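Here are my notes on this model, written for someone opening it for the first time. Have the structure on screen as you go through the points.

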Amino acid sequence: MSESHDTKNAHAGHADVDHHVRAAYYVFGSLLVLTGFTVGAYFLHLPHKLAITLALLIATVKGTLVAAWFMHLVSERKMIFWMLGLTAVLFFPLLLLPTLTVLDRIMLR
Amino acid sequence: MSMEIPYTVDVRPDTGLTNGKLGIWLFLASEVMLFGALFASYVMLRVGAHEWPAGATYLNIPLATLNTVILISSSVTMVLAWASLAKRDFSRFRVFMGITILCGLGFLVIKYFEYTSKFHHGYFPATNTFLGVYFTLTGLHGLHVIGGMAVNGYLWGPGSALWKTDPVHFTNRVENAGLFWHLVNLVWIFLFPILYLL
Amino acid sequence: MGLETAVAHGAAHDAQHEELGFWRKYVFSVDHKMIGIQYAITGLLFLLFGFCLMMLMRWQLAYPGAALPILGTLLGEARMPGGTMLPEFYNELGAMHGTIMVFMGVVPLAVGGFGNFVLPLQIGAPDMAFPRINMASYWSYFVGGSVMLASFFVPGGAAQSGWTSYSPLADIAGSGQTWWLFGMVFLITSSLLGSINFIVTTIQLRAPGLSFWRLPFFVWAQFVTSFLLLLAFPPLEGAAFLQLMDRLAKTSFFLPSGLVVSGQVLEVSGGGNPLLWQHLFWFLAHPEVYVLILPAMGIVAEVIANNTRKPLWGYRSMVYSLMFLGFMSFIVWAHHMFITGMGTTMAAFFQTTTMIISIPSVVILSALVLSLYGGSIRFTTPMLFALGFLPMFGIGGLTGLPLGLTAADIHLHDTYYVIGHFHYVVAPGTIFGLFAGIYYWFPKATGRLMNETLGKIHFAGSFVFMNVIFMPMFIMGLAGVSRRLYDGGASYAHAQPVLQWNVVSSWGAWGLALFQIPFIFNFFWSIYRGKKTDANPWHATTLEWSAPSPPPHGNFLTPPAAYRGPYEYSVPGAASDYSPQWEAAKA
């Protein structure tokens, strides 16, 4: 590829990458801590609904960190956000509606 | 007319994306829907069940915690592998990519021990719904780990020849493979508490 | 631009790349045009095969228990002893007719065929974004289709639990069902690869000046369709995986506890839910029906604009409707499950979304009809099929409304009314759109026109007989005749007054078959003997008509650009009645 292009942006590029790497280390640390929380919460033997909520909450935070920094979503383009937004919106009906139809059943007395 | 497909290496100005970057994100979106369907199945079956065993009844939590740490670490090394290429350090890339692949292997080895231990105790997918869900969800996830390792292995090995002729293209490929690998990690982040701890 | 010049010019370029051998050029091609033709031919062959399966079924429905002369004995004792159809074989035909038509016929032709061939040309691209993935997607389809065909020859025959493969029946069915599931995995993989390609290509490879709002409606239709395929198919892939686990690993994802089969309790762990399969299946299968119709609407829009010599009416509202329709299609699926015991809240939710989704369809159809007003209509064969599409899709759409209302659906669910409804949309609906597309783009692909007289005969006969087949089904359905009955309802008292309609539909089917002969002949004859033509025989405005017919490797002789919208016909003050997208404005 074009050499001049490379050298011109080299410094800016490298600083950008270093920033990215630093963020990755912070995320790594956070993920390890949150994993500890996940397992720790288990040993608290919380009531069922609270346990589920907490576990999903922690998992969501971890997932968000992975998506935002490992997958670089914090600095990604609008187009990608639209795709993912659409996917997220369709994900939840898939996850929840089947169970809702089973919960809301015709009850024969 | 040139047959070169534009925007394979350079980004298209108005979208700011390469074809590969957009393509891999679309693929990941489809994977989210695939695992979404499996999670939806889990929710529906569990809500409809009279009783549901706690994960600890059948599953080894310490081993799975170790696996979680291994996968998270492999995600970090994947980022570092890409970063090395972005800074034109090919040998560091090989180190970090190698570690990523080894982590994947470690994950699979632990999974192998988990599965064989279940079989040894007479716990099979056919035994009950919980185990059916466990084996299927972790099995499909495991297949994705294998797939990711195959891609990473190719990029570590024969595929790395591209570095000499088109380093930017190769860097992009590693970045895109990394996105897939992070998704595999992300799925496990949800699988682990759901199956083992709840 | 003469054909010879174009070919020579293309050949000169080819000489710069290596000369491709027969296999790389015609079989393992990465050129979107060749792949599109592969998809189209394979798709058409599967459509024909699926049609033949149905013609066999129609014998049994018209004359239940009667021996079929000649062909009956040829099919063997295992399927048709003494020429009389076994119920199991009828079920095979039914399940495979649906599967083949939907997954191996219509979608590969509409999306794989037309999408692949036309889309890059219409956006001014040299090829798809990922040519090798494109090739892989075709071959995945080919393998999946082959697995499906092979399943007819396994012990117990092909899948016979409906194209919907409901559990628990499909869970415990013969080995043909396992083949069906593996076949589906390959077909779904093909779809996913293709949809990624289409979306990236449309976003990234548009020619300079071709903003989203200057895209032909056909491209928008394929674009939305690709999102449906991308996001809706994975749950079915997941479901197929789960059903394979049930069948092969003896899990019970879909098998409830205490299931009794042939008087014996099934030895499985139980705890599964058959409704789970239905939800995962229909999560795909509902968007799938929009996958079936949208490309055809795209084709019809192109043909109508071109043959009325005026812009499409309401282009923007049509595009917004497409997007809204695509999105809504993901949240209506349980209208296929109204009588599975859902409570009123969830039923009301799905009824509401289903009623809402009819709105964008109506907008698109109305816009197409309104586009005719004030037009200079040319009754070419593509236009005849496009015009025929309009009322047929109208009937199909309107008859869907009672099915979307829970109260009416109680009576109509799983009757011939449903079969009539969806066939109207797909058969004289989508397939007419696809025929229009074949006649329309044939000259672009081959450099020759198809014969108009044969085309008009094909249209007239098809239009009449499609209605002969499917209109009576509404009558039968309203009378309460269930679908998938191997004797067409003959053993039910309530069906007796309407049984004669089975005979009418069957003769309609065989009549329809006769009128496809002029088309098949025309198609192959015109490749060699059709009237030669230039790049733009229809005097159309979209970018594909600036490429030579047929386009060379790389498609365009000079890199194209778009200078105006896609339907600038009859522009006041212009020199001719069409102002092509690729021509710069004169000073």
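1. Start where chain A meets chain C: one residue pair is in polar contact across this interface, both residues being at pLDDT 80 or more. A polar contact here is a pair of N or O atoms within 3.5 Å; within protein, one must be able to donate a hydrogen and the other to accept it, and residues adjacent in sequence count only if both atoms are side-chain atoms. Salt bridges between chain A and chain C number zero, the rule being a side-chain nitrogen of Lys or Arg within 4 Å of a carboxyl oxygen of Asp or Glu.

2. A word on the ground rules. This is a predicted model, where local features need pLDDT of at least 70 and side-chain atom pairs count only at pLDDT 80 or more, while totals for chains, interfaces and linings use all residues. Residues are numbered from 1 along each chain as its sequence is written, chains are lettered from A and ligands numbered from 1 in the order in which they are written, and side-chain values use heavy atoms, with hydrogens and water left out.

3. Staying with chain A and chain C, how many residues are in contact? On chain A there are 16, and they touch 23 residues of chain C (contact means heavy atoms within 4.5 Å). The two chains bury about 1700 Å² between them, with carbon and sulfur atoms giving 81% of that; buried area is the accessible area (1.4 Å probe) that two parts lose on being put together, summed over both. Look for A:Leu90, A:Thr101 and A:Asp104, which supply 31% of what chain A buries against chain C, more than any other three residues. Ala, Val, Leu, Ile, Met, Phe, Trp, Tyr, Cys and Pro count as nonpolar, Asp, Glu, Lys and Arg as charged, and the others, Gly among them, as polar.

4. Now turn to chain B and chain A. Here 51 residues of chain B are in contact with 46 of chain A, and about 4300 Å² is buried between the two, 81% of it on carbon and sulfur atoms. Five residue pairs are in polar contact, both residues at pLDDT 80 or more. Which elements of chain B give two or more residues to the side touching chain A? They are helix H1 (19–47), helix H3 (61–86) and helix H7 (167–197). H1(B) has the largest share, with 16 residues. The class count for this side of chain B is 35 nonpolar, nine polar and seven charged residues. (Helices are DSSP runs of H or I, at least four residues; strands are runs of E, at least two; both are numbered from the N terminus.)

5. Two salt bridges cross between chain B and chain A. In one salt bridge, A:Asp18 pairs with B:Lys87, with the closest N and O atoms 2.4 Å apart. There is also a salt-bridge network that links A:Glu76, B:Lys21 and B:Glu175.

6. Over all chains the salt-bridge count comes to 10. C:Arg309 and C:Asp577 form one at 2.7 Å between the closest N and O atoms. C:Arg309 sits in the loop between H10 and helix H11 (315–328) of chain C, and C:Asp577 in the segment after strand S4 (531–532) of chain C, so this pair ties together parts 268 residues apart in sequence. C:Arg309 is buried at 5% relative accessibility, whereas C:Asp577 is partly exposed at 34%. Buried means under 20% relative accessible area, exposed over 50%, and partly exposed in between (1.4 Å probe, protein chains only).

7. In chain B, the side chains of B:Arg12 and B:Asp14 meet in a salt bridge at 2.7 Å, N to O.

8. Finally, the rings: the structure holds 80 aromatic pairs over all chains. Rings of Phe, Tyr and Trp (its six-membered ring) pair if their centres lie within 6.5 Å; planes under 30 degrees apart count as stacked, over 60 as edge-to-face and the rest as tilted. C:Trp163 and C:Phe281 have ring centres 5.3 Å apart and planes at 75°, so they are edge-to-face. These two residues are 118 apart, and both are buried.
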